[in-house]
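Open the model in your viewer and keep the selection panel at hand.

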Amino acid sequence: MKYYPIAKPYITAKDKKSVLAVLDSDYLSLGPKISEFEKKFAKKLGVKYACAVSSGTAGLHLVMLACGLGAGDEVVTTPFSFVASANSILYVGAKPVFVDIDPLTYNINFDKIEEKITRKTKAILVVHIFGQPCEMDQIMKLAKKYKLQIIEDACESVCATYKGQPAGTFGQAGVFAFYPNKQMTTGEGGMIVTNNKKIYEICQSLKNQGRAENDQWLDHKYLGYNYRLDEMSCALGISQLAKLDFMIRERRKIAAWYNKILAPYSELIQAPSVAAGNTHTWFVYVIKIKNKKINRNLLIKKLKNIGVSTKPYLPSIHLFNFYKKLFGYKNGDFPISEEMSEYSLALPIYLGLTEQDCKYIIAKLLNEINRLNH
Ligand SMILES: *Cc1c(COP(=O)(O)O)cnc(C)c1O
């Protein structure tokens, strides 16, 4: 039986060689690789500063701190995201205020943001979901009108563009992640990008126990953390970054195959759509089952039994137990997000998948849907 994982990192001989070379060097941490990775990443995104950190979550936490957010502040964000985005707001004692999503792009619905803005609102944490940027013109307009900071969780959307500009470069700061299922990987890892020198300096300090650049050993300016990224990870990141364009092209090919194969079944399945002005870099390829009689979780089980891994993408954050307990959220609060959480399905997407594989996966999917419908 063929087996299809949902994601798989693309690691080449060159990647391995770069990592091994670090092991033979004098620095396993705080060496030359981290600043090389940061400089190259900043250049790729066209920003002034990049700060490598130990995960995307760590990056989001530091940006919240660097933007001065804390107790009493409200941050508008989306419930349809990986839990880390809203959690980062809680880390600093601020309150996430959710806004439902657009039914086609699954990004925050900008039309519904304004009604959630209060005197306490200090920032909007946008999440560019699945590999596609949010409607940034509208969001930047709101930011200007209400003097809000814009923080971008671009962890799923490296190199995706909105009207030609990369996701993560619009607001005060953007955050990327390099977990092995992402478009590029460092194992664990993340990157903060910004054009703001102060935010950059605070993040660099906080990730390294709060030490300022020119502090003497064990002199600490702020309460910091250890969110450093080690040299092996940075070497892998540099090597992965060099082939990122290629890896994204390959993901686009696979997404285009799925789109083509799914086109005749639009009554049954909502394929992903790319909004005008956007480019998509396909962190995941997520479909929505339109027939509400289909038990999506059962469908996932059936597909797993025949070697096709799929996954719900994503559960709605407001319905996680501790969010319900903290804020009293309930079913029905954000219906579009909840509908996606119930009927969405991420299909396998990784380098090496062929058009033949995509046809096989969709044939199995349609077959199982058909059986569940009877
Ligand atoms: C992957 C991801 C993160 C960060 O994940 P880490 O595992 O901490 O690197 C944050 N937000 C979103 C939306 C993500 O997909």
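Start at the ligand and select E156: one of its polar side-chain atoms lies 2.6 Å from an oxygen atom of the ligand. This is a predicted model, where local features need pLDDT of at least 70 and side-chain atom pairs count only at pLDDT 80 or more, while totals for chains, interfaces and linings use all residues. Numbering starts from 1 along each chain as its sequence is written, and side-chain values use heavy atoms, with hydrogens and water left out.

Next, select K182. A polar side-chain atom of K182 lies 3.2 Å from an oxygen atom of the ligand. Now D153: an N or O atom in its side chain is 2.7 Å from a nitrogen atom of the ligand.

Widen the view. Around the ligand are 13 residues (a heavy atom within 4 Å). G56, T57, D153, E156 and K182 come nearest.

Move to helix α2 (residues 32–45) and helix α7 (residues 231–242). Their axes, lines fitted to C-alpha atoms over the stretch in contact, come within 8 Å and cross at roughly 30°. That makes α2 roughly parallel to α7 (an angle under 35 degrees). In α2, select residues including F37 and F41; in α7, the contact residues include I238 and L241 (heavy atoms within 4.5 Å). This contact divides into 8 nonpolar, 1 polar and 5 charged residues.

Finish at helix α9 (residues 296–305) and helix α12 (residues 355–372). They pack at an angle of about 130°, with axes 10 Å apart. L298, L299, K302 and L303 of α9 meet K364, L365, E368, I369 and L372 of α12. Here the classes are 6 nonpolar, no polar and 3 charged residues.

Note on methods
Axes are lines fitted to C-alpha atoms, for helices over the stretch in contact, and angles run from 0 to 180 degrees between N-to-C directions. Helices (H or I, at least four residues) and strands (E, at least two) are DSSP runs, numbered from the N terminus. Ala, Val, Leu, Ile, Met, Phe, Trp, Tyr, Cys and Pro count as nonpolar, Asp, Glu, Lys and Arg as charged, and the others, Gly among them, as polar. A polar contact is a pair of N or O atoms within 3.5 Å; within protein, one must be able to donate a hydrogen and the other to accept it, and residues adjacent in sequence count only if both atoms are side-chain atoms. Angles under 35 degrees count as roughly parallel, over 145 as roughly antiparallel, 65 to 115 as roughly perpendicular and the rest as oblique.
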